[in-house]
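Welcome! Let's take a friendly walk through a protein model and see what its side chains are doing. Have a look at the structure below before reading on.

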Amino acid sequence: RTATRWAGLYVDHVAFPQAARAGDLPFVPFVEDREHLKLEEVRYWASWNEAARLPHLYHFDSIPHLLSLLAGTSLEDLRRTSIAMQRFHSQQLVEVVEFWRDGLLSVVSRQAGGFSQQIGADLAG
């Protein structure tokens with residue numbers, strides 16, 4: 001059985017008319033029946049999963065293919081891949097922390113500015 005986070009979305013969970021239309025997409029991101037998923041649709045939406053788009057991953061189509069990849073990959077190559085993954089994760093962590101810090105500071109400074117203006121208006125009035 002194929003599982004994906006998209007399987008939890010049903011058309012009746014979203015209440016807008018365009019939900020059931022695919023538009024330019026080959027498949028709608030909602031399923032009618034999560035027990036009987038269509039493999040083509042699952043593969044398409046799974047390819048948009050963040051983990052599937054990360055660098056330095058080894059992709060395989062089956063267990064025999066995975067075992068073949070492992071048998072043909074040296075420990076040194078696996079170590080280099082692991083180091084590259086760690087480096088990428090560290091870079092992403094810095095970017096994410098900076099993004100949220102800047103966003104929070106922006107919100108807080110706007111709220112503080114409005115609060116200061118309100119106090120000034122109260123004191124003047």
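## A buried threonine

Thr 73 has a relative accessibility of 17%, so this residue counts as buried, the cut-off for buried being under 20%. Before we go further, please keep in mind that the model is predicted.

Where does Thr 73 sit? You can find Thr 73 in the loop that runs between α2 and α3. A polar atom of the Thr 73 side chain lies 2.5 Å from the backbone oxygen of Leu 69. If we leave out residues up to four places away in sequence, Thr 73 touches Tyr 58 and Leu 78.

Now let's turn to charge. Side chains of opposite charge can pair when their charged atoms come close. How many salt bridges does the count come to? The count for this model comes to four salt bridges.

Start with Glu 76 and Arg 80, whose side chains meet in a salt bridge with an N to O distance of 3.6 Å. Why are Glu 76 and Arg 80 separated by about one helical turn? The two are four residues apart in helix α3, which covers residues 75-124, and therefore about one turn of the helix separates them. Glu 76 has a relative accessible area of 39%, so Glu 76 is partly exposed. Arg 80, at 46% relative accessibility, also counts as partly exposed.

Arg 80 has a salt bridge with Asp 77 as well, and here the N to O distance is 2.3 Å. Asp 77 and Arg 80 are three residues apart in helix α3, about one turn of the helix. With 30% relative accessibility, Asp 77 counts as partly exposed.

## Another salt bridge, and a network

## Aromatic rings

Next, look for the rings. How many aromatic pairs does a search of the whole structure find? The search finds three. One of the pairs is Phe 99 with Trp 100: the ring centres are 5.1 Å apart and the planes are at 85°, so this pair is edge-to-face. The cut-off that matters here is that planes over 60 degrees apart count as edge-to-face. Phe 99 and Trp 100 are both exposed.

Elsewhere, ring pairs link Phe 27, Tyr 44 and Trp 45 into a cluster.

Our last stop is the surface. Which residues make the nonpolar surface patch? Leu 54, Leu 57 and Met 85 make this patch, and its area is about 210 Å².

Leu 54 lies in the loop between α1 (39-46) and α2 (63-71). With a relative accessibility of 34%, Leu 54 counts as partly exposed. Thr 73, where our walk began, counts as buried at 17%.

Conventions. Residues numbered from 1 in each chain as written. Predicted model: local features only at pLDDT ≥ 70, side-chain atom pairs only at ≥ 80, totals over all residues. Heavy atoms only, no water. Patch = residues over 30% accessible without salt bridge, like charges linked within 9 Å, V, L, I, M, F, W, Y side chains within 5 Å. Areas by Shrake-Rupley, 256 points an atom, 1.4 Å probe, with all protein chains shown as cover. Buried < 20%, exposed > 50% of the residue type's maximum accessible area, 1.4 Å probe, protein only. Phe/Tyr/Trp six-rings, centres within 6.5 Å; stacked < 30°, edge-to-face > 60°. Polar contact = N/O pair within 3.5 Å; in protein donor to acceptor, adjacent residues only side chain to side chain. Contact = heavy atoms within 4.5 Å.
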